[in-house]
Amino acid sequence: MSPKSRLYTLVKAWKNKPFQEVRDSCGQPWLGLSSEALEEHQSWSRRQAISNEPIFNSQGSKLTNSLFRPLLTATDTQVLRLFMEGLDTITYWYRSGCFIPSILPLPAQHLASSNFIDALSDLILNCRLPVGLVNLGVHKLQDADSMDSCVEDLLRMRRLGVLIHLLDFSGTSAQINWIKQMEPEGIHIEIRQFRAEGLSNEMISLDQKFHTEIYASNITLVKDLENAMSVGAHHCYGGLIMPPISRHQILHTSDSRIAKAIFSLHPHKNLNGDK
């Protein structure tokens, strides 16, 4: 049979095929796809989602971490599923030969539940990732009760090789006491809050007050970047640095927008001596 007639046969068979209506996402076939194929397609779509915000060193010349953003707005019923997606992303990078730590944000109230910590422990142990790649970003940590209740369970996480970060540091006395007790590996400061009134004395050179890495978040203006330098930030991220990208794009990211702009203004000589 010639290629032309084979194509005619396929088109005729498709035309005569009974119409299959579009179903909702309840596991039923959709446009003729089997449930297994549909699940695989949905899984592929999630992996291409713009979910990972790159974090760079203060010069913007090196990718140091990534923030898994979907967990910041996750509902109670979504937290464990999205945490699994975050672990899957880290595993994908690791198997691709890239050791990229990722910060997985979790509300403090969830970390006070022993059952929840048991579930996290099982997920982390099953991944068998090297120490330092999985980072917990504790956020919504405001009152003293929630701080005290999650300390013991966070210590359990640390014994598994998980690093601890405090997100949305505002400089309250309760947060400072928690930092002294917990000694997290990273402190994240929402740098936009200092645009109007500037930096307070307590915020300047935070890296000298705490023996930890300082992260400046939500940098969208040059002024934010200047404040981040005044704080003594070791790491920076935000729209000015680079917007969130997919997990595959992370593999091909090495420096930030800022570093690329500076490099374009100061061209270097190549091996042939030409500019």
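This report covers the strand barrel and the salt bridges of a predicted model.

## Ground rules

In this predicted model, local features need pLDDT of at least 70, side-chain atom pairs count only at pLDDT 80 or more, and totals for chains, interfaces and linings use all residues. Residues are numbered from 1 along each chain as its sequence is written, and side-chain values use heavy atoms, with hydrogens and water left out.

## The barrel

Eight strands form a closed barrel. Their order is β1-β2-β3-β4-β5-β6-β7-β8, and the pairing is mixed. Strands here are DSSP runs of E with at least two residues, while helices are runs of H or I with at least four; both are numbered from the N terminus. Two strands pair if DSSP finds at least two bridges between them.

Take strands β4 (residues 134-139) and β5 (residues 163-166). They pair in the parallel sense, over four bridges. Within this pairing, Asn 135 stands opposite Leu 163 in β5.

## Salt bridges

Side chains of opposite charge can pair when their charged atoms come close. A salt bridge is counted when a side-chain nitrogen of Lys or Arg lies within 4 Å of a carboxyl oxygen of Asp or Glu. The count comes to eight salt bridges.

## From β1 to a loop

Glu 53 forms a salt bridge with Arg 69, and their closest N and O atoms are 2.6 Å apart. The pair links distant parts of the chain, 16 residues apart. Glu 53 sits in strand β1 (residues 52-57), and Arg 69 in the loop between β2 (63-68) and α3 (79-95).

How much of each is accessible? Relative accessible area sets the class: buried is under 20%, exposed is over 50%, and partly exposed lies in between (1.4 Å probe, protein chains only). Glu 53 is buried, at 4%. Arg 69 is partly exposed, at 30%.

## Links from helix α6

Arg 156 and Asp 118 meet in a salt bridge through their side chains (2.7 Å, N to O). Arg 156 lies in helix α6 (residues 144-159) and Asp 118 in helix α5 (residues 114-127), so the pair ties together parts 38 residues apart in sequence. Arg 156 is partly exposed at 27%, and Asp 118 is partly exposed at 33%.

Helix α6 also holds Arg 158. Arg 158 forms a salt bridge with Glu 185, the closest N and O atoms being 3.2 Å apart. Glu 185 is in the loop between α7 (173-182) and β6 (186-190), 27 residues from Arg 158. Glu 185 is partly exposed at 27%, and Arg 158 is partly exposed at 24%. Salt bridges that share partners join Asp 118, Asp 153 and Arg 156 into one network.
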